[in-house]
Amino acid sequence: MRKVANPSDNSHLTVQVKPMDYFPLFINLKQQPCMIVGGGEIAVRKLRLLASAGADITVVAPELCNEMREMVKHGKVHWRPAEFSLSHIAGQRLVIAATDHASVNQAVFAACEAAGILVNSVDDPAHSRFITPAIVDRSPLTIALSTGGGVPVLARHLRSQLEALIPHGWGELAKMGSQLRTLAKEKIPDPASRREFWENVLAGPIPDQVFSGQIETARIALEDAINKGSVPIQGAVYLVGSGPGNPDLLTFRALRLMQQADVVLYDNLVSAEIMELVRRDAERIYVGKKSNNHALPQEEINLLLVRLAQEGKKVLRLKGGDPFIFGRGGEEIAELAAAQIPFEVVPGITSAAGASCYAGIPLTHRDYAQSVTFVTGHRRATDSDADKLELDWPRLVNPNETVVVYMGVAQAGYIAEQLIKHGRAGNTPVAVIERATTAQQRVVIAELSTLAQTVRDSHIKPPALLIIGDVVKLHEQLNWRQ
């Protein structure tokens, strides 16, 4: 407890102060003398941490593990081949006791305490003046987590979650902001206005430019904003591949953008489970994309993306699979580029890769197929329903090649007919994979000659794709999701 004076009435308020077990502190150890007592696997883990901080490290131990010997050999570590003695700690900034002997570690602690040197005994909080936390390193941005040495596994568990949530680009952004900090103080002298400016920077497009690797573009934009004293309101479009349906297969980048978007345009191939991960208050616009039944024609989708971005919105164009594999992503970004709208393309696991892996069917295998070809079974919409899908059929009949047909259920009979007509064997195995990678996944095996009837009898519905070739023979053996 402590008493705090209240200047308005000269009375005293009692404030409850919750004690901290450990005071969090970041120390600059570059070129500073630090010591590790111990030469085994536990010690080498601590050595790596100190080495990454740029410390001048001395190891005291009769013997060293192989990794430490290599570091000594290359001049990265000093080695004193001896048992620990009091004289070793002279001049050290920080010491870590990491031997297998509790008595030695406690002796190191006692010596350092007497000399006023920061000391840690590994896995022994009672004999430690500091502890090493679990670290998320996005230097110069660093996040440290600690449970006071009581449950280090919990700290590591939380760190793994933060690693997934915090892009590596935050470190680059922190470095950029630090380098331009003096300029920002000069151009925006008022602290409150400067704080608001940086908040607007973090909410705008500059971080996304950094995260996508456009470092110089982001730097120029940030410097220009600082000189102007404000961050321009600017929309952007993100074409994001949502993968084949299983939300666990989303990329980290996709998930982050789904949580940040102001408006989301999605189509029929995006699963409901994935849409559940979209930011709750984002506007959602369904644009269809079922075969020959689009809620919006592609040209209108392109124009809508441009209009929404011009309104200053962060627009997410969420596509099943990968945007650049039968996703018409190229057409959409061409429109955006022509309108000078900032955009980014985030790849996703394409349906062929997801479906084949989850069905236990390798697309290539040295005993069955040395190449794979992706084709679309979705014909271009025309005024005539009589128009048929036209592919390079002679190119697709090599028995040593796997053919994957996207959106091919409606044309399955015609595809089989043409492949057989042009020389592919009628007994070539075919896998029809419906709702690949999801809990509702279904794999139906047929031959080319019976494909049309099998699709009808099995009531196969999109989304589904076809894998054609001898690799399908491996399904029964390698089907790990039985």
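What does C34 count as, buried or exposed?

Modeller: C34 counts as buried because its relative accessibility is 0%; buried means under 20% relative accessible area, exposed over 50% and partly exposed in between, with a 1.4 Å probe and protein chains only. Keep in mind that this is a predicted model, where local features need pLDDT of at least 70, side-chain atom pairs count only at pLDDT 80 or more, and totals for chains, interfaces and linings use all residues. Residues are numbered from 1 along each chain as its sequence is written, and side-chain values use heavy atoms, leaving out hydrogens and water.

Now for partners. Searching the whole structure turns up zero disulfides, meaning pairs of cysteine sulfur atoms within 2.5 Å. C34 is in none, and its nearest cysteine sulfur, in C112, sits 11 Å away. C65 has its closest cysteine sulfur in C34, but at 18 Å that is too far for a bond. With 12% relative accessibility, C65 counts as buried too.

Charged side chains do pair up: there are 21 salt bridges, each a side-chain nitrogen of Lys or Arg within 4 Å of a carboxyl oxygen of Asp or Glu. One of them joins R69 to E63, with the closest N and O atoms 3.0 Å apart. R69, at 37% relative accessibility, counts as partly exposed, whereas E63, at 52%, counts as exposed. Another links E331 and R328 at 2.9 Å, N to O. Both ends are partly exposed: E331 has a relative accessible area of 38%, and R328 has 33% relative accessibility. Finally, D208, R253, K314 and E344 are linked in a network of salt bridges.
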